[in-house]
Amino acid sequence: MLANWRFHFVQIVLLALLAVVVWRVLSLQVLEKEFLIDQGTSRWQRTEVINAPRGMLTDRHGEPVAVSTPVVSVWADPRELREADIGKLAAASGVSEPTLAARRQQHRAFMYVTRHLAPAVAEEILALEIPGVYGLTEYKRYYPAGEVASHIVGITDIDDRGQEGIELAYDRQLQSRAGKKEVIRDLIGRSVRDVGEIEAPKAGRDLSLTIDLRLQYLAYRELKKAVSQMGATGGSVVMMDVQTGDILAMVNQPGFNPNNRASMEPAAMRNRAMTDQFEPGSVMKPFSMAVALESGQFQPDSVIDTSPGYMKLGTYTIRDFRDYGELDLTSIITKSSNIGMAKVALQLEGQDLWNMLYGLGLGQSTGIGFPGEAVGRLPNQVEWHPVEQASMAYGYGIAVTPLQLAQAYSTLANGGRRVYARILMDAPIETGPQIIPEKISRQVLAMMETVVQPSGTGTAAALDWFSVAGKTGTVHKVGDEGYFDDRYMSTFVGVAPAQNPEVVTVVVINEPPSDAYYGGRVAAPVFTGIMRQALPLLGVEPDQIPPQARMEGDL
Amino acid sequence: MSWPARLLTLGLLVAVLVSAFGVIQVTYQTRVQFAQLESLRREGQRLEEQWGRLLLEESAFSSPARVERLAREELGMSEPEPEQMRWLNRNELETD
């Protein structure tokens, strides 16, 4: 019996051992298989990121305005980086030792050492072959046009995500998609062989803007010169192609250099031409005139008595620069008479005025999707009171952005057919409805031509070789306690050539000096400075040839 | 086993061996070609780097501000004054 008991005992022990072995095999081969394989491969294989460049931004002729170039960021794996090597790494990378030590404690598997180095500089650090230190190709954004196009183009952050401007608005299209690949690494962790690609990298899409860098530069130069010479606080210029609505140039002051992050101030980074709305004032008069002509009650030569140069309207008193006496409609525009305009407006339907301005795109987004774009203000009334009606007719009580103004004037200059602002070359050019009858749009442009002629308010905007239709505007700025007495916004809007319009240019000067603030004196010269070079650049044929420029015998 | 069955077995054996070597071959090719792709990509990267640098250089040299400064200061050029300009009427010249 004893032998039998011992036999059973040995049998059970052996079976138990077998069970242990089988369980172990099961756990290794089946239960923990994936974990163990993962751990194994991770000893010799690693997944690396392949970065791809963000899409390039160019102007309408293909000149680059934002380019991504490859740079190398040095990173380390804190698990592999030995504490003893930190000193060496700090010396090579120029990052302080405590910073690196702290980062090594904070991060588990990935820490940056330095970012965005020139490839050759990074190569020097990597050549030290410190275990656990690697290079990663990233892309850095450069803005070749610098300050000239910075507001419209915007900027990206260090991780290549759009922060401002077009970079933000079209971030989805511009962004690249990083790929992944597997590599075999050696003892100190350097990749020795590429094994396979898990995901292919995809570069971002290149986008062409409608701006023309040459015009952009001209506008930038003239605006900057004007603003700094007279000590204004800022300003904007927008140039628009009359037929297509293409934004040819858009600049603001103060500006910023997108290549130097340290110099950036939030206030200087605003694209004022789109984000800041202001009371337009007299530059609205041509549109009110269009309503007056369309009503059939007035002709360009209908006469209005503006004496004695001031007029009570509700609780307000509105004034003209001086007593102009009897003026016809054209002269009301020439002299920019508030009283003349108010008297005309009072005989119109308030709703017609509102419909006109709304039809021209005021009080609405332009739809180009720019971040922070202001929509302006165009209050509609259930019942139109004389005060609101008259003040809207000469541009008070509403707010517009310089871009909306450019768009509205483009519509006027385009034979009254609605123009939609466009900022990307591959956006469709839309043909809009007729807002102003073609005949009336011509009559209004003809009225505006008198503004730059002698006795007009904008004589400084006259060009030697091209006819110009323009309108000046000067408004008091609005603050917390109503209108400021000594702070102004001066505007000039010009259409050239007036006979066959190609370009609309809006110039807005913010807070010009209080001794010379009229739109005709402050903003009109900027227009001239830009246009006398811009129109020949665009290949626009002169339509007004100065007599002294004619060759002998040529008449 | 009948002849056809033996033949089938042999055929399948050969097929298995061929496909096995095929797999080895293809895997090897994949790695070689991926390594090639990577080296081409590195080359591409290098060229891209160079292109980016040249592009920036070119746009720095051709920036309107620099061209204007050089034209004015070094070449002594200036914009023509209105009285210096003449109108050449192409149409009239052609009909003459």
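At roughly what angle do the axes of helix 12 and helix 18 of chain A cross, and within what distance do they come? In this predicted model, the axes of helix 12 (residues 285–294) and helix 18 (residues 438–449) of chain A cross at roughly 135° and come within 10 Å. Helix 12 of chain A and helix 18 of chain A are therefore oblique to each other, and their crossing is right-handed. On the side of helix 12 of chain A the contact is made by Pro286(A), Met289(A), Ala290(A), Leu293(A) and Glu294(A), while helix 18 of chain A contributes Ile440(A), Ser441(A), Gln443(A), Val444(A), Met447(A) and Met448(A). By class, these contact residues divide into eight nonpolar, two polar and one charged.

The axes of helix 3 (residues 86–93) and helix 4 (residues 97–106) of chain A come within 9 Å and cross at roughly 120°, which makes helix 3 of chain A oblique to helix 4 of chain A. Helix 3 of chain A passes helix 4 of chain A in a right-handed crossing. Ile86(A), Gly87(A), Leu89(A) and Ala90(A) of helix 3 of chain A make the contact with Glu97(A), Leu100(A) and Ala101(A) of helix 4 of chain A, and by class this contact has five nonpolar, one polar and one charged residues.

**Chain A as a whole**

Chain A has 20 helices and 17 strands. Its radius of gyration is 34 Å, whereas a compact globule of 555 residues would have a value near 24 Å, and along its principal axes the C-alpha trace of chain A spans about 140 × 60 × 45 Å. Of the 555 residues of chain A, 45% count as buried. Among contacts in chain A between residues at least 6 apart in sequence, 70% join residues at least 24 apart.

**The side that touches chain B**

In the contact between the two chains, 25 residues of chain A meet 24 residues of chain B. Strand 3 (64–76), strand 5 (133–142), strand 7 (191–199) and helix 9 (213–230) of chain A each supply at least two residues of the side that touches chain B, and strand 7 of chain A gives the most, with five residues. The residues on this side of chain A divide into 13 nonpolar, four polar and eight charged.

**Local backbone features**

| Residues joined | Omega |
|---|---|
| Ser307(A) and Pro308(A) | about 0° |
| Ala496(A) and Pro497(A) | about -20° |

Pro308(A) has its place in the loop between strand 11 (303–305) and strand 12 (310–313) of chain A, and Pro497(A) in the loop between strand 16 (482–496) and strand 17 (503–510) of chain A.

Although His116(A) is not a glycine, it has a positive phi of about 55°; this residue is found in strand 4 (residues 111–117) of chain A and is partly exposed, with 15 other C-beta atoms within 10 Å. Ser336(A), also a residue other than glycine, has a positive phi near 55°. Ser336(A) is placed in the loop between helix 13 (329–335) and helix 14 (338–346) of chain A, and counts as buried because it has 28 C-beta neighbours inside 10 Å.

Thr58(A) lies in strand 2 (residues 57–58) of chain A and, with 19 C-beta neighbours inside 10 Å, counts as partly exposed. Leaving aside neighbours within four places in sequence, Thr58(A) is in contact with Glu63(A), Pro64(A), Val65(A), Asp206(A) and Ser208(A). The C-alpha atoms of Thr58(A) and Leu213(A) are separated by 9.0 Å, although these residues are 155 residues apart along the chain.

Technical notes: Residues numbered from 1 in each chain as written. Chains lettered and ligands numbered in written order. Predicted model: local features only at pLDDT ≥ 70, side-chain atom pairs only at ≥ 80, totals over all residues. Axes fitted to C-alpha atoms, helices over the stretch in contact; angles between N-to-C directions. Helix = DSSP H or I, 4+ residues; strand = E, 2+ residues; numbered from the N terminus. Parallel < 35°, antiparallel > 145°, perpendicular 65-115°, else oblique. Left-handed = near helix turned anticlockwise from the far one by under 90°. Contact = placed C-beta atoms within 7 Å. Nonpolar A, V, L, I, M, F, W, Y, C, P; charged D, E, K, R; others polar. Rg over C-alpha atoms; globule rule 2.2 N^0.38 Å. Buried ≥ 20, exposed ≤ 12 C-beta atoms within 10 Å, placed from the backbone.
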